[in-house]
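Hi there,

As promised, I am handing over the structure we talked about. Have a look, and my notes follow below.

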Amino acid sequence: MAIPEHQLAAWSTQPEAGPSRDTYRSVKEVLEDRGSPFAGKASDVFLQGSYGNDTNVARDSDVDVVSLTSAAFYHNAGALPADQYAAFVRTYGGAAAYTYQHYRADVTTWLVKNYGADVVPGKKAIFVPKGKNRRDCDVLPAMEYRHYYRFDTITDHSYARGICFFMPDGTQIVNYPKQHSDNCTKKHQQTGTWFKHTVRCYKNMRNYLVDNGLLQEGVAPSYFIEGMLYNAPNPLFGKTFQDTVVETFNFVAEADRSQFKCANGIHSLIGNSPVTWRAGDCQTYLDAIKKLWLDWS
């Protein structure tokens, strides 16, 4: 028996935004305070993840906030042709004095000063515990990243602007959350506002599987589910939720997923890098979804 339409419709619904909105407002005010040690360093504070993309479901508790500085930037200019890289070096010179490690230390110190000793730096983000009118929040300090396509002069170049941060072992993680969010919104509009509802259906199917011991936690992160559905053609969305889930699932199951892109349009979705979904995990998730659909009672 298929999952009934009323269950899918319930799973597609977005929870009330009040608590997450209040959390974001509180943390954003602290990070943009002119008294912070990083004030004046071209900071930009914004939501990312499920709340930032309006694909959150009831089980999403933490609010993810990016604290980005463009005081300096990392880049891939070394991959450009030799003449273009030489022009880049002549323009920008050596490494910046203010590094990611400096910025992360400044953000951590400021959050502890404002929210207390329960603030905990993690491998990626800094955890800020819930408080009055505030949910748990993960703050990700990040620096601007430029993926260059071309560099001739400081006024004649082309690049995609993203963010980057570093793991404790020094691994650099590059991502493009604003492109991801913008593309998800465009997809939502192009599918007659079905895309984000469909993402919530797939996320809630995953949560149901995890809660019932049918899928391991962490196999299907929300970011990759959004990316997977981003690759499904727009005409497959619509009519009913049952139709949409069946059509999009069959497309993803039968497609050459090695050609899929993340919703940011830059990274591959499937691969072995720190920002791609392992092919085996994707297949495990699809197999579990199929079994859930067929065995539903």
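**Salt bridges and helix contacts**

D152 is partly exposed, with a relative accessible area of 36%; on this scale buried means under 20%, exposed over 50% and partly exposed in between, using a 1.4 Å probe and protein chains only. Before going further, please note that this is a predicted model, in which local features need pLDDT of at least 70, side-chain atom pairs count only at pLDDT 80 or more, and totals for chains, interfaces and linings use all residues. Residues are numbered from 1 along each chain as its sequence is written, and side-chain values use heavy atoms, with hydrogens and water left out.

The partner of D152 is R150: their side chains meet in a salt bridge, at 3.2 Å from N to O. By salt bridge I mean a side-chain nitrogen of Lys or Arg within 4 Å of a carboxyl oxygen of Asp or Glu. R150 also counts as partly exposed, at 30% relative accessibility.

How many salt bridges does the structure hold? There are nine.

- E32 pairs with K28, and their closest N and O atoms are 2.8 Å apart. E32 is partly exposed at 43% relative accessible area, and K28 is partly exposed at 23%.
- D295 forms a salt bridge with K291, with 2.7 Å between the closest N and O atoms. Both lie in helix α10 (residues 279–295), four residues apart, or about one turn of the helix. D295 is partly exposed at 46%, whereas K291 is exposed at 53%.
- E144, R146 and R161 are linked in a network of salt bridges.

Now to the helices. Helices (H or I, at least four residues) are DSSP runs, numbered from the N terminus. Axes are lines fitted to C-alpha atoms over the stretch in contact, and angles run from 0 to 180 degrees between N-to-C directions. Angles under 35 degrees count as roughly parallel, over 145 as roughly antiparallel, 65 to 115 as roughly perpendicular and the rest as oblique.

Let me start with α6 (residues 177–190) and α8 (residues 222–230), whose axes come within 11 Å and cross at roughly 45°. That makes α6 oblique to α8. On the α6 side the contact (heavy atoms within 4.5 Å) is made by H180, N183, C184 and K187, and on the α8 side by Y223, E226, L229 and Y230. These residues divide into four nonpolar, two polar and two charged. The classes are Ala, Val, Leu, Ile, Met, Phe, Trp, Tyr, Cys and Pro as nonpolar, Asp, Glu, Lys and Arg as charged, and the others, Gly among them, as polar.

α6 also meets helix α7 (residues 195–211): the two axes come within 7 Å and cross at roughly 110°. That makes α6 roughly perpendicular to α7. Here C184, T185, K187 and H188 of α6 meet F195, K196 and H197 of α7. By class, this contact has two nonpolar, three polar and two charged residues.

Finally, which residues join α7 to α9? The axes of α7 and helix α9 (residues 241–254) come within 11 Å and cross at roughly 75°, and the two helices are therefore roughly perpendicular to each other. The contact is made by H197, T198, C201, Y202 and M205 of α7 with F241, T244, V245, T248 and F249 of α9. Six of these residues are nonpolar, four are polar and none is charged.

Best wishes
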